[in-house]
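Please look at the sequence and the model before reading on.

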Amino acid sequence: MNDYNKEYNAKLTTPEKAVKVIKSGDWVDYGCLHAYPALLDRALADRKEELEDVKVRSLLMHGPLHIVEEDPNQEHFTYNSWHMVKFERNLCDRGLCYFIPMLFRNLPGYYRRFLDVDVAMMAVTPMDEEGYFNFSVNNATARAVLDTAKVIILEINDKLPRLFGKENKVHISEVDAIVEGEHPDLFEIPSASGSEIDELIANQIVSQMEDGACVQLGVGGMPDLIGKKIAESDLKNLGVHSELIVNANLDMYKAGKITNSNKTGEMKGKTVGGLVYGTKELVEWTAENPDVMICPMDYVNDVNIIRSLDKFTSINSCVGVDLFGQISSESAGTRHISGTGGQLDFLTGAYDNPTGKSFICMPSSRVDRKGVRHSNVHATFHGDIITDPRSQSYQLVTEYGMVNLAGRSTWERAEMLISVAHPDFREELIQSAEEMKIWRRSNKLK
Ligand SMILES: CC(=O)SCCNC(=O)CCNC(=O)[C@H](O)C(C)(C)COP(=O)(O)OP(=O)(O)OC[C@H]1O[C@@H](n2cnc3c(N)ncnc32)[C@H](O)[C@@H]1OP(=O)(O)O
Ligand SMILES: CCCC(=O)O
């Protein structure tokens with residue numbers, strides 16, 4: 001038995017004993033996405049009667065989350081998320097989850113500069129021969145959380161594969177306790193199926209793309225469909241540098257579109273991301289693949305890196321836009337939906353890139369459960385959170401066309417945005433624009 005194995009055995013304990021270190025008032029960080037520490041969460045929830053005011057922080061939780069579900073009055077635990085997916089959004093609707101605003105490129109820095117982590121609990125791969133545990137598909141902010149934590153507890157999940165990357169591991173010597181146990185297969189995130197409207201939007205964007213582009217695809221139905229369209233297109237020699245490696249990236253790879261050969265330096269030939277977010281097949285493609293590098297978000301989302309990648313093309317979705325050109329991608333009114341995530345990082349980097357392009361897409365309207373149509377182009381927002389300020393809004397795409405708001409005055413923006421709004425709402429939007437004094441006598445569409 002080598003020294004690392006001895007140290008491992010000395011630190012090996014049960015989840016029940018490991019969570020005894022947590023005290024009332026502590027801040028506890030859970031690993032995100034597939035790094036969710038299921039056994040430790042179960043054991044912490046079981047201690048609820050002994051604890052109060054324990055604050056848990058994470059993101060991209062797909063549930064269940066025992067500390068929330070078993071404490072519905074929040075007498076013991078408070079859950080906070082940096083970025084919500086459906087499970088957390090539903091908790092938020094019930095008042096059981098609180099959003100923490102962030103730009104993803106800044107998140108490792110928030111930990112290192114401003115935040116306390118009393119205890120970090122994270123699922124990782126089994127230890128390697130050098131005494132390291134790999135963060136697998138969940139790099140993002142893992143290293144920054146562990147660098148900040150007073151106590152580190154690792155949960156070994158043998159379903160997590162090892163991946164290549166930067167700052168993607170933790171050594172046994174840094175760890176306070178280790179727990180082991182059974183884990184189910186990793187949950188899968190299927191591709192979203194695109195609608196006819198998505199198809200109209202996707203075609204406009206793919207027609208603007210160039211051979212040799214370096215692509216970032218965001219989350220949601222639209223970017224998924226665009227990735228599939230890229231796979232079916234004549235485009236060639238593409239690169240991928242994206243916060244999330246998503247199913248569409250695998251479609252692009254299988255179609256022979258990804259070479260990453262336009263990149264220079266250490267990432268030439270490599271697909272770069274911060275998290276792997278998709279199906280079992282996607283995870284298997286990235287596992288121990290030297291051509292896929294999973295890195296921290298202060299590297300992946302660094303605006304300086306994004307602006308240096310030739311023909312960088314960023315494609316993300318939003319929920320609504322107002323006539324001033326402010327973009328909301330994370331809430332509908334005050335209902336919280338997701339988060340800023342990396343949208344503004346990639347928008348900024350692609351915009352600053354002399355050969356870059358950035359597209360924010362949305363359907364022009366949505367039909368609610370009662371069958372009533374609502375415009376996604378609003379005269380003004382009512383509590384909607386601004387993800388991209390009007391000073392940073394750029395190419396916006398709906399099924400009715402693409403407009404470039406950069407450098408445009410209020411009346412030009414109003415005209416452009418109304419031209420891509422759903423026709424049912426254009427007259428009332430013009431009337432609002434007139435009332436707000438952002439409509440000129442010579443504006444079109446009247
Ligand atoms: C990933 C990278 O590399 S970096 C950047 C990527 N990150 C971002 O862009 C962050 C912000 N964007 C996002 O979170 C997503 O792209 C979204 C939310 C805009 C769209 O994602 P999708 O998965 O296509 O959204 P979807 O249509 O499923 O809607 C999600 C929820 O928002 C609600 N919603 C969506 N649009 C609207 C709208 N216009 N009005 C009201 N509610 C809406 C839906 O009803 C749904 O709620 P539910 O789950 O309770 O039913
Ligand atoms: C889902 C990952 C966070 C983001 O949207 O940027």
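**Exercise 1.** Which residues in α8 meet which residues in α9?

Solution. The model is a predicted one. On the α8 side, the contact is made by Asp198, Glu199, Ile201, Ala202, Ile205 and Val206, and these meet Gly221, Met222, Leu225, Ile226, Lys229 and Ile230 in α9. Sorted by class, the residues of this contact comprise eight nonpolar, one polar and three charged.

**Exercise 2.** Describe the geometry with which helix α8 (residues 196-208) packs on α9.

Solution. The two axes come within 9 Å and cross at roughly 55°. Because angles under 35 degrees count as roughly parallel and those from 65 to 115 as roughly perpendicular, α8 is oblique to α9. As for handedness, the crossing of α8 and α9 is right-handed.

**Exercise 3.** Carry out the analysis for helix α9 (residues 221-232) and helix α10 (residues 247-254).

Solution. Their axes come within 8 Å, with a crossing angle of roughly 0°, and α9 and α10 are therefore roughly parallel to each other. Pro223, Asp224, Gly227, Lys228, Ile230 and Ala231 supply the α9 side, whereas Asn247, Ala248, Asn249, Asp251 and Met252 supply the α10 side. By class, five nonpolar, three polar and three charged residues take part in this contact.

**Exercise 4.** Identify the buried residues of helix α16 (residues 423-435) and what covers them.

Solution. Phe425, Leu429, Ile430 and Ala433 are the buried residues of α16, and their cover includes β23 (373-375), β24 (377-378) and α15 (410-419). Just after α16, Lys437 adopts a positive phi of about 60°.

How values were computed
Residues are numbered from 1 along each chain as its sequence is written. Chains are lettered from A and ligands numbered from 1 in the order in which they are written. This is a predicted model: local features need pLDDT of at least 70, side-chain atom pairs count only at pLDDT 80 or more; totals for chains, interfaces and linings use all residues. Axes are lines fitted to C-alpha atoms, for helices over the stretch in contact, and angles run from 0 to 180 degrees between N-to-C directions. Helices (H or I, at least four residues) and strands (E, at least two) are DSSP runs, numbered from the N terminus. Angles under 35 degrees count as roughly parallel, over 145 as roughly antiparallel, 65 to 115 as roughly perpendicular and the rest as oblique. Two residues are in contact if their C-beta atoms, placed from the backbone, lie within 7 Å. Ala, Val, Leu, Ile, Met, Phe, Trp, Tyr, Cys and Pro count as nonpolar, Asp, Glu, Lys and Arg as charged, and the others, Gly among them, as polar. A crossing is left-handed if the near helix is turned anticlockwise from the far one by less than a right angle, and right-handed if clockwise. A residue is buried if 20 or more other C-beta atoms lie within 10 Å of its own, exposed if 12 or fewer, and partly exposed in between; C-beta atoms are placed from the backbone.
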